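Hi,

Here is the structure I promised to pass on. Have a look at it first, and then read my notes below.

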Amino acid sequence: MTASAAPHTGDPERPTLDKAAHENFPVAPFFLPRAWREDLMAVYGYARLVDDIGDGDLAPGGADARLLGVPAAEAGDRLVLLDAFEADLRRVFDGSDGPPRHPLLRRLQPTVRRRSLTPEPFLGLIAANRQDQLVARYETYDDLLAYCALSANPVGRLVLAVTGAATPERIRRSDAICTALQIVEHLQDVAEDLGRDRVYLPAADMKRFHVQEADLAARTSGASVRALVAYEARRARDLLNEGAPLVGSVHGRLRLLLAGFVAGGRAAIRAIAAAEYDVLPGPPKPGKLRLLREVGLTLRGEG
């Protein structure tokens with residue numbers, strides 16, 4: 001997923017935080033308590049920056065590398081940047097080496113302390129982006145699920161932790177939702193990912209549906225690609241249904257936030273289906289009315 005924001009001189013946090021407005025799902029919507037919004041934005045800033053490092057989407061000029069203490073000669077090396085980012089994350093949890101260097105991590109530190117957050121989900125996101133530098137294809141669906149456990153599930157776990165709602169059962173449901181959302185995003189971005197030399201459609205499934213990588217480079221999808229996308233979309237829908245009871249397990253504004261996540265995934269799957277599973281011309285996106293209808297269905301335990 002890509003997003004762009006105009007540079008803001010003198011405020012190195014702003015270009016990253018401004019990308020929240022371009023995400024598929026609301027990051028910290030207005031109806032949440034202010035304290036939640038602030039902490040969710042701090043978590044978002046971290047997650048967005050680590051993804052930008054992994055995708056090579058950092059703002060031009062090398063400011064992030066300098067903040068992390070990476071020499072200019074290595075500023076284009078994503079693995080070096082990720083190592084430096086992890087070292088700075090360690091400063092968030094262990095101040096023995098001084099305060100974090102990057103302002104987004106300094107912003108995160110009060111949230112970590114206030115919400116008693118642990119390093120594991122943050123480290124998972126770094127591990128996922130390291131994996132993106134080393135692994136560009138996934139042989140099986142289980143391999144893809146293992147990747148999603150690093151790249152997506154930590155975000156849901158952090159939302160539950162920030163809002164004080166984490167329990168083992170809720171975490172299990174949240175993991176199913178987050179994995180589903182990651183798969184849906186991969187389906188929307190098949191062409192974009194291929195342009196980055198990444199294929200998130202499992203090779204075993206491609207073989208089963210007689211799909212070659214060359215088929216993914218076409219302008220429109222042939223019958224085999226459409227059948228494969230439909231198959232993976234059904235898997236994502238099943239995961240969303242597995243996770244949906246999470247919404248009914250909480251109350252108030254958190255319930256509305258989580259319903260928005262589930263509804264966003266369901267609406268995106270419907271948009272893919274409405275495009276007859278032809279995702280190659282560009283990501284099928286649901287309209288606002290479709291999304292609102294899905295929110296209502298999800299809140300009522302339907303969908």
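**What I found**

Serine 116 sits in the loop between helix 5 (103–115) and helix 6. Keep in mind as you browse that this is a predicted model. The phi of serine 116 is near 55°, a positive value in a residue other than glycine. Serine 116 is also exposed, its relative accessible area being 60%.

There's another one of this kind: aspartate 197 isn't a glycine either, yet has a positive phi of about 60°. You'll find aspartate 197 in the loop between helix 10 (190–195) and helix 11 (203–208). With 46% relative accessibility, aspartate 197 counts as partly exposed.

Now for helix 6 itself, which spans residues 120–134 and holds aspartate 132. Is aspartate 132 buried or exposed? Aspartate 132 counts as buried, at 9% relative accessibility. Its side chain makes a polar contact of 3.0 Å with the side chain of tyrosine 147. Setting aside neighbours within four places in sequence, aspartate 132 is in contact with Tyr147, Arg198 and Tyr200.

Last, the cysteines. How many disulfides are there? The count comes to 0. A disulfide would need two cysteine sulfur atoms within 2.5 Å. The cysteine sulfur closest to that of cysteine 148 belongs to cysteine 178, and because it is 9.8 Å away, it is too far for a bond. Seen from cysteine 178, the closest cysteine sulfur is in cysteine 148, again at 9.8 Å and too far. As for accessibility, cysteine 148 is buried at 0% relative accessible area, and cysteine 178 counts as buried at 11%.

Cheers

Key
Residues are numbered from 1 along each chain as its sequence is written. This is a predicted model: local features need pLDDT of at least 70, side-chain atom pairs count only at pLDDT 80 or more; totals for chains, interfaces and linings use all residues. Side-chain values use heavy atoms; hydrogens and water are left out. Buried means under 20% relative accessible area, exposed over 50%, partly exposed in between (1.4 Å probe, protein chains only). Helices (H or I, at least four residues) and strands (E, at least two) are DSSP runs, numbered from the N terminus. A polar contact is a pair of N or O atoms within 3.5 Å; within protein, one must be able to donate a hydrogen and the other to accept it, and residues adjacent in sequence count only if both atoms are side-chain atoms. Contact means heavy atoms within 4.5 Å.
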